[in-house]
Amino acid sequence: MSLDQLVLIASALVLSAASGVFAGEADRLTPVPFTHVHIDDAFWAPRLETNRETTVRYCFEKCEETGRIDNFAKAAGLEEGPFIGRRYDDSDVYKVIEGAAYSLAVKRDPKLEAYLDGLIAKIAGAQEDDGYLYTTRTIDPKNPAPNAGDGRWSYVAQSHELYNVGHMYEAAVAYYEATGKRSLLDVAIKSADLIDRTFGPGKRQDPPGHEEIEIGLVKLYRVTGEKKYLDLAKFFIERRGRAEGREKLYGWYSQDNKPVEEQAEPEGHAVRAMYLYSGMADVAAATGDEGYIKTLDRIWESMVSTRLALTGGVGARASGEAFGDAYELPNQSAYNETCAAVGNALWNERMGLLHRDGKYFDVLERVLYNGFLSGVSLSGDRFFYPNPLASGGTYERSPWFDCSCCPVNVVRFVPSIAGYVFAHDDDGVYVNLYVGCKGEIDLGGNHVTITQKTEYPWDGRVDISVEASRGGRFPLHLRVPGWAQGRPVPSDLYTYTDGGSGSTSEGGFSLSVNGERISTPPIEHGYVTCARTWQPGDVVTIDFDMPVHRVRANAKVADDRGLLAFERGPIVYCLEAIDNGGHVRNLWIPEDGSHKVEREPGLLGGVTTIGGKAFALRKDNDGRVESVPVTFKAVPYEAWANRGTGEMAVWIPTKADLAEALPDPTLASRSKASTSHCWSTDSPMAVNDQREPGSSGDGTIPRLTWWDHKGTTEWVQLDFPEASDVSWMEVYWFDDTGVGECRVPESWRVLVRDGGAWRPVQTKTTPGVALNRFNRVEFDGVKTDAVRLEAKLQIDYSGGVLEWRVGNNE
């Protein structure tokens, strides 16, 4: 690396980290950048390596396979052909570049860096002369992707023109900081200058429909010192909810139904909301805008009090990927998009720095270890889009998505986690997260090295060594997590039912210096402070009790009444079928039971499990339901679905009448289901899981849908365990009228497999499409090893099946 590059890197890091040099940021804690924190523990270090070795490369391969990278080559004139994909696909490439840059900063990789240089050259070539960058329009201005708009900026409510480049700005800053190379940063500046000439007072007045550019603009401001980028970010925020100079407002979905200072609760598309609040926090930090801070405080209080899943997930509704009403926190139908978890973490980190309050890092920690980390498999190449808190056994991670924002968000977020561990002001150091690592901090010219040794999150002991080049006295602020204070979240949304089994110290933690126990200082704003004149070899030990906690939800959360969940330390637990006799929905656990904790190094990469006594509802030979004593095992929620599909639940009934007795197996339930097409969050296994629908629109049970196929002919099939006689079939159709675009089919028919070929059977009545009930057809008995239901979907609509039964009258 040349001397010039080293100087550029040093300059970038100083500008990025020392944000106190900018007006309004003096009172904000300064995060220690991830480039100054080396993680070497047994929990996060393997995940960082998996992200670097597997996820980064895997996502680049997928971007190549799906034409996302070719779109830049086409826009640059290097290749021929049409735009492939969706209008926002450019952003996926930018996010992977950002994640790759973070990985390069941690560990240099010449091959990866050379690949990035080539890719950035394509991006630069795709940029038009005036700075415009949006491949779908550059490739074919007359026929861009749907919802791109007729011309530049003509439909920013949905075009994602501004959203895409916002992610590019973040990638550009990351690559500049990691390598000192300006190649992508120059592209970003050229783009931002065009947008600054186009939008602003006396210019275009419409804000982006999908927020993100605000975050990217503030990053550009911090790395360049150009205040116009900060002003533009604030302009876009200020234009939300204001109709002057615009055709119309976008509405609540895009947080554009009222000015931001009048908004009081999180609403609309959850990812958009999280990015808006993160951008507002950035602008507030840089300008000292008290109005923004008060608004963010109000919205944050509403979210953590009424709309936060136990896992830290947000955005309960699949419809609109949106926040629901207050206390609308379903389990199996919960959406909790992985991208929303990332956004929630970003927002809470910013709030913690603004307010110097540990409660925000409590929420961040909950998201990190639960609602976010569940979004990626241990192998690093399978992903969740939604992260429900229960599964009927049909949900599994996917290798990719047509809209693949979640995998690429995982790529960029994992390596950035080191940047959330430490922060500082002019006087002292804050330890916000407990991770085995070494951090390098410049404290007013005093070079301070903080080293954490810990087995967290499985063990509560953290040994923190402090080395200061100049010695001296300064405070070390240690966060005391809410769970160590008997409070799962900073509200009454969730509470512990007792002090937890296994607590050994009255205060939930102890503090010692150089092996000598000291009296615990008072907890102030979520931190205890150890202030002393530091000597070489000084070690502060904070040791948190980690009892098993039983969690109860606020009574206003209807879906969790009579249920309990388990936590230990920052980890939320769940029950998986594979550990519990093949099912979960038939289990109930008494509230007053005791539990055991076991460290299992060979399970799921090494986890701590919780076990205890439970009861399973079973039917005897006479059909009577009885509760049979069994034992249960709970595993960390973040690791579920790494061993195949199966039932899962975070919230478990505490009474028999809330559990579900297992029905006797049937021919259908013992069969293997497959289908012509299935939406990524649904499963063909839903059709024979023996879950009784409450209605055709029942969103509480698994389903098969053929979305996003419309007006086509689709099929679902059952392969029997052995050749069997069948003479009737019953199907319960899925229909989400008023919510989505699935309807009962126009018609359907029955086919059986005969000697390897499919042939239709003549039914005695016309196959029905009635709502809210099983539609039964009978036919002359036939012996076969498989049956197929073939449905002709209505024009302009998709369809689906909730449950399917087959049998024989004889």
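## Basis of the model

Helices (H or I, at least four residues) and strands (E, at least two) are DSSP runs, numbered from the N terminus. The structure is a predicted model, in which local features need pLDDT of at least 70 and side-chain atom pairs count only at pLDDT 80 or more, while totals for chains, interfaces and linings use all residues. Residues are numbered from 1 along each chain as its sequence is written, and side-chain values use heavy atoms, with hydrogens and water left out.

## Arginine 239 in its loop

Arginine 239 lies in the loop between helix H10 (227–238) and helix H11 (270–287). Because its relative accessibility is 8%, arginine 239 counts as buried, a term that means under 20% relative accessible area, with exposed meaning over 50% and partly exposed in between (1.4 Å probe, protein chains only).

Leaving aside residues up to four places away in sequence, arginine 239 touches Gln205, Pro207, Glu244, Arg246 and Asp256, where contact means heavy atoms within 4.5 Å. The side chain of arginine 239 reaches the backbone oxygen of glutamate 244 at 2.3 Å. Aspartate 256 is 17 residues apart from arginine 239 along the chain, and the C-alpha atoms of the two are separated by 8.5 Å.

## Aspartate 193 in helix H8

Aspartate 193 belongs to helix H8 (residues 183–198), and because its relative accessibility is 19%, aspartate 193 counts as buried. Its side chain makes a polar contact with the side chain of lysine 228 at 2.9 Å; such a contact is a pair of N or O atoms within 3.5 Å, and within protein one must be able to donate a hydrogen and the other to accept it, while residues adjacent in sequence count only if both atoms are side-chain atoms. Apart from residues up to four places away in sequence, aspartate 193 touches Lys228 and Tyr229.

## Helices H3, H4 and H5

Helix H3 (residues 68–75) is mostly covered, with seven of its eight residues buried, and these are Arg68, Ile69, Asn71, Phe72, Ala73, Lys74 and Ala75. The buried residues of H3 pack against helix H2 (44–65), H4, H5 and helix H6 (135–139). Just after H3, glycine 77 has a positive phi of about 80°.

The axes of helix H4 (residues 89–106) and helix H5 (residues 110–126) come within 11 Å and cross at roughly 150°; axes here are lines fitted to C-alpha atoms, for helices over the stretch in contact, and angles run from 0 to 180 degrees between N-to-C directions. From H4 the contact is made by Val93, Tyr94, Ile97, Ala100 and Leu104, and from H5 by Leu112, Glu113, Leu116, Leu119 and Ile123.

## Strands and sheets

Strand E4 (residues 422–424) and strand E5 (residues 429–431) run antiparallel and are joined by three bridges, with tyrosine 430 in E5 as the bridge partner of alanine 423.

Four bridges join E24 to strand E26 (residues 713–734), and the two run antiparallel, with lysine 672 standing opposite aspartate 719 in E26.

Conventions: Pairing = 2+ DSSP bridges.
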